[in-house]
Amino acid sequence: MDRNLQEKVSVTEMAARLNCSGRQLERLFGIELGASPMAAYLALRVHDAKSLLDASDLQIGDRVPMRHLT
């Protein structure tokens, strides 16, 4: 999961890469992490974004278009 943080990946794509069904992946994530695959993936993406911002002088608006907020 952490290799593709710049791309949006669906549960179906994750499951296919792991050779299991989407439902099986959802069930295993729930058992092992107490979260859905998408919630875990989003947490990784947010953590990665925070790390990128912490390691630079950039602000959020410098990396992410803010058009939808205006």
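The buried residues of helix H3 (residues 37-54) are covered by elements that include helix H1 (11-17) and helix H2 (22-33); helices are DSSP runs of H or I of at least four residues, numbered from the N terminus. The model is predicted, with local features requiring pLDDT of at least 70 and side-chain atom pairs counted only at pLDDT 80 or more, whereas totals for chains, interfaces and linings use all residues. Residues are numbered from 1 along each chain as its sequence is written, and side-chain values use heavy atoms, with hydrogens and water left out.

The buried residues of H3 are Pro 37, Ala 40 and Tyr 41, where buried denotes under 20% relative accessible area and exposed over 50% (1.4 Å probe, protein chains only). Viewed down the axis of H3, these buried residues fall within an arc of 100 degrees and therefore line one face of the helix, the arc being that of the directions from the helix axis to the C-beta atoms. Leu 42, Val 46, Lys 50 and Asp 54 are exposed on the other side of H3.

One salt bridge is found in a search of the whole structure, the criterion being a side-chain nitrogen of Lys or Arg within 4 Å of a carboxyl oxygen of Asp or Glu. The side chains of Lys 50 and Asp 54 form a salt bridge at 2.8 Å, N to O. Because Lys 50 and Asp 54 are four residues apart in H3, about one helical turn separates them.

Lys 8, in the segment before H1, counts as exposed at 73% relative accessibility. Beyond residues up to four places away in sequence, Lys 8 touches Glu 13, Tyr 41 and Arg 45, contact meaning heavy atoms within 4.5 Å. The C-alpha atoms of Lys 8 and Tyr 41 are separated by 9.1 Å.

Definitions and conventions:
Helix = DSSP H or I, 4+ residues; strand = E, 2+ residues; numbered from the N terminus.
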